[in-house]
Structure formats: C-alpha cells, structure tokens
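Me: I would like to learn how to read strands and aromatic rings in a protein model. Could you take me through them slowly?

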Amino acid sequence: MKYRQLTKEQFESLHLEFARFLASQNIDANEWKQIKEEKPNVAEDEMNVFSDVVWDDVLNKTQYLEHFSKTTANLFKCDGEEIHRIAIKVNWDINLLEQEGFEWLLKNPMDNSVEVFRGTKPYNNSDRNAELFDLIEKGSSISKGEIYEYFSQLIS
C-alpha cells in the first residue's frame with residue numbers, strides 16, 4: 001500500500017465509487033460478498049488498491065494544507081515541484097483553536113506577539129503525494145488556501 005486504507009466511514013461515503021471500482025474489475029455485488037466471505041485477503045487487497053486510488057486522486061487535487069495548534073499555525077501551498085510554508089507563532093496567551101483566538105490573529109497579524117516565518121523546499125524524493133499524505137496523517141487539513149493567501153499578501 002502506498003498510503004493507508006480508508007476508514008469504514010470513508011468507504012461508506014464512497015460506496016458508489018467503490019461499487020464502480022469493483023465493476024471495472026468485473027466484480028458484481030454477489031461476487032464481492034462471496035470474496036469477502038471466502039477470500040478475505042483478496043477483499044482486503046481490493047480495498048487497499050481502491051484506497052490508494054482515492055488517496056492519489058485527493059492528493060493530486062490538493063493545493064493547500066493547514067495545521068493549527070493552540071499557539072501556532074502552519075499554512076502550506078503545495079505546488080507541483082515544491083511546498084511553500086508560512087509558520088505563525090503567537091507568543092501570547094491566546095488559543096488559535098478557538099474562534100475568538102483565531103479571529104484575534106486575523107485582526108492583529110502584525111502584533112508584536114505574532115511571529116511569521118516563510119520557507120520553500122522541494123518535496124522529499126520528489127514524492128509530492130507521499131509528503132502531503134504525511135502532513136495529513138500528522139494532523140493537517142486540506143483547505144482552500146484563503147488563510148495562506150491572506151498571510152502571503154501581508155508578508156510580501
């Protein structure tokens with residue numbers, strides 16, 4: 001496996017797509033039920049392949065990621081060859097995980113208690129999707145990039 005198997009909830013939400021995936025391999029609902037009962041390892045392999053297909057599709061489309069903690073925000077812009085990062089640290093008693101703290105940051109981005117760093121690096125081993133997947137597994141969320149672009153314009 002390239003990534004990890006989708007969760008039960010993710011499989012359930014992608015039920016139709018998984019059915020189409022199985023159909024593309026000439027496996028109908030009855031045959032799938034039989035495979036699950038008689039050859040669980042084959043069923044597991046099919047689920048793993050489907051999971052990798054889904055993850056690749058999602059990661060190929062991912063342009064921005066973000067990760068927030070109580071006092072830091074890491075904003076990523078994911079280009080084809082390199083990843084750009086804006087790291088924000090708040091040196092004040094504020095919680096960016098709460099709406100009030102997050103709004104304070106957006107209203108006071110140049111406050112003396114706010115440190116902003118910017119960096120760019122090529123992907124490790126030129127494997128963009130693996131690196132993005134690792135960031136997601138470590139708690140980053142896919143975003144539309146509004147916060148990244150807001151801070152990018154402020155510090156340009």
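**Strands and rings**

Reply: A hairpin of three residues joins strand β1 to strand β2, where strands (E, at least two residues) and helices (H or I, at least four) are DSSP runs numbered from the N terminus. This is a predicted model, in which local features need pLDDT of at least 70, side-chain atom pairs count only at pLDDT 80 or more, and totals for chains, interfaces and linings use all residues. Residues are numbered from 1 along each chain as its sequence is written, and side-chain values use heavy atoms, leaving out hydrogens and water.

Me: Which strands pair with β1, and how many bridges join them?

Reply: Two strands pair if DSSP finds at least two bridges between them. Here β1 runs antiparallel to β2 (residues 72–78), with five bridges, and antiparallel to β5 (residues 141–143), with three bridges. Tyr64 has Lys77 in β2 as its bridge partner, while Leu65 stands opposite Ile142 in β5.

Me: Is β1 largely enclosed or open?

Reply: Buried means under 20% relative accessible area, exposed over 50%, and partly exposed in between (1.4 Å probe, protein chains only). Four of the five residues of β1 (residues 64–68) are buried, so the strand is largely enclosed by the rest of the structure.

Me: How many aromatic pairs are found in the whole structure?

Reply: Rings of Phe, Tyr and Trp (its six-membered ring) pair if their centres lie within 6.5 Å, and planes under 30 degrees apart count as stacked, over 60 as edge-to-face and the rest as tilted. The search of the whole structure finds 12 aromatic pairs. Phe18 and Phe21 have ring centres 6.1 Å apart and planes at 20°, so this pair is stacked.
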